[in-house]
Amino acid sequence: MDCLFCKIVAGDIPARKLYEDDQVFAFHDIGPQAPVHFLVVPKRHIATLNDLGEDDKALAGHMLFTAQRLTKELGCDAGFRVVMNCNAQGGQTVYHIHMHVLGQRQMHWPPG
Ligand code: 5GP
Ligand code: ZN
């Protein structure tokens, strides 16, 4: 499959891996928007949040829990932000769902 994040999960494209288990893979974003900026993706290809099914609810929770656990390792105790972009107007550029996790700087609201 011609999917960038499937290739990263498979090890065909290198990435700075933070964590992996049977369901999820986490790695540093190549274009960090904060001192800490990593991505959590499911190993199975799911193109957008709209493609999540009933059976994926536990997986989505596991992604969120993985994000939270990694922030503790990366020194984000003062706070962090989790973002998922969906489709073009949501700002999605890679069509394999991913949680952005940003930390170690002050976040602002509303986001751009
Ligand atoms: P999106 O815009 O789809 O929400 O986020 C895609 C993210 O993937 C961007 O933050 C971008 O910097 C990151 N990204 C794109 N290509 C690569 C890559 O080859 N390696 C890594 N580690 N991150 C990437
Ligand atoms: Zn994929």
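Donors are N, O and S atoms within 2.8 Å of the metal. By that cut-off, the zinc ion (ligand 2) is coordinated by Cys3 (SG), Cys6 (SG), His45 (ND1) and His96 (ND1). The model is predicted.

**Zinc site**

- The donor distances at the zinc ion (ligand 2) run from 2.0 to 2.3 Å.
- Angles subtended by the four donor atoms span 106 to 116 degrees, so the arrangement around the zinc ion (ligand 2) is tetrahedral.
- For reference, the ideal angle for four tetrahedral donors is 109.5 degrees.
- Along the chain, the donors of the zinc ion (ligand 2) are spaced as C-x2-C-x38-H-x50-H.
- Cys3 and His96 link distant parts of the chain, 93 residues apart. Cys3 sits in the segment before helix 1. His96 sits in the loop between helix 3 (87-90) and strand 5 (99-103).
- Is Cys3 buried or exposed? Cys3 has a relative accessible area of 7%, so this residue is buried.
- His96 has a relative accessible area of 0%, so His96 is buried too.

**Aromatic pairs**

- Two aromatic pairs turn up in a search of the whole structure.
- Phe5 and Phe27 make an edge-to-face pair, because their planes stand at 75 degrees with ring centres 5.4 Å apart.
- Phe5 belongs to helix 1 (residues 4-10) and Phe27 to strand 2 (residues 24-28), so this pair ties together parts that are 22 residues apart in sequence.
- Phe25 and Phe27 form a tilted aromatic pair. Their planes are 55 degrees apart, and the centre-to-centre distance is 5.9 Å.
- Which residues make up the aromatic cluster? Phe5, Phe25 and Phe27 form one cluster.
- Phe5 and Phe27 are buried. Phe25 is buried as well, like Phe27.

**Charge over a ring**

- Arg69 lies over the face of Tyr19. The distance from the ring centre is 4.7 Å.

**Ligand 1**

- There are 16 residues around ligand 1. Asp29, Asn85, Thr93, His98 and His100 come nearest.
- Thr93 makes its contact through the backbone. A polar backbone atom of Thr93 is 2.7 Å from an oxygen atom of ligand 1.
- His100 places a polar side-chain atom 2.8 Å from an oxygen atom of ligand 1.

- Asn87 is part of helix 3. Its relative accessibility is 30%, so Asn87 counts as partly exposed.
- The phi angle of Asn87 is near 65 degrees. That is a positive value in a residue other than glycine.
- Where does Thr48 stand relative to Asn87? The two are 39 residues apart in sequence, but 6.8 Å apart in space, C-alpha to C-alpha.
- Tyr95 is placed in the loop between helix 3 and strand 5. With 35% relative accessibility, Tyr95 counts as partly exposed.
- Tyr95 and Thr48 are 47 residues apart in sequence. Their C-alpha atoms are 6.1 Å apart in space.

**After strand 5**

- Gln104 is in the segment after strand 5. Its phi is positive, about 65 degrees, although Gln104 is not a glycine.
- Gln104 has 44% relative accessibility, so this residue counts as partly exposed.
- Pro110 also lies in the segment after strand 5. The peptide bond from Trp109 to Pro110 is cis, and its omega is near 0 degrees.

Note on methods: Residues are numbered from 1 along each chain as its sequence is written. Chains are lettered from A and ligands numbered from 1 in the order in which they are written. This is a predicted model: local features need pLDDT of at least 70, side-chain atom pairs count only at pLDDT 80 or more; totals for chains, interfaces and linings use all residues. Side-chain values use heavy atoms; hydrogens and water are left out. Rings of Phe, Tyr and Trp (its six-membered ring) pair if their centres lie within 6.5 Å; planes under 30 degrees apart count as stacked, over 60 as edge-to-face and the rest as tilted. Helices (H or I, at least four residues) and strands (E, at least two) are DSSP runs, numbered from the N terminus. Buried means under 20% relative accessible area, exposed over 50%, partly exposed in between (1.4 Å probe, protein chains only). A charge sits over a ring if NZ of Lys or CZ of Arg is within 6 Å of the ring centre and within 35 degrees of the ring normal. Donors are N, O and S atoms within 2.8 Å of the metal (3.2 Å for Na, K and Ca); water is not among the atoms, so sites may look incomplete. Four donors count as tetrahedral if all angles lie between 85 and 135 degrees; four count as square planar and six as octahedral if opposite donors are over 155 degrees apart and all others between 65 and 115; anything else is irregular. A residue is near a molecule or strand if one of its heavy atoms lies within 4 Å of it. A polar contact is a pair of N or O atoms within 3.5 Å; within protein, one must be able to donate a hydrogen and the other to accept it, and residues adjacent in sequence count only if both atoms are side-chain atoms.
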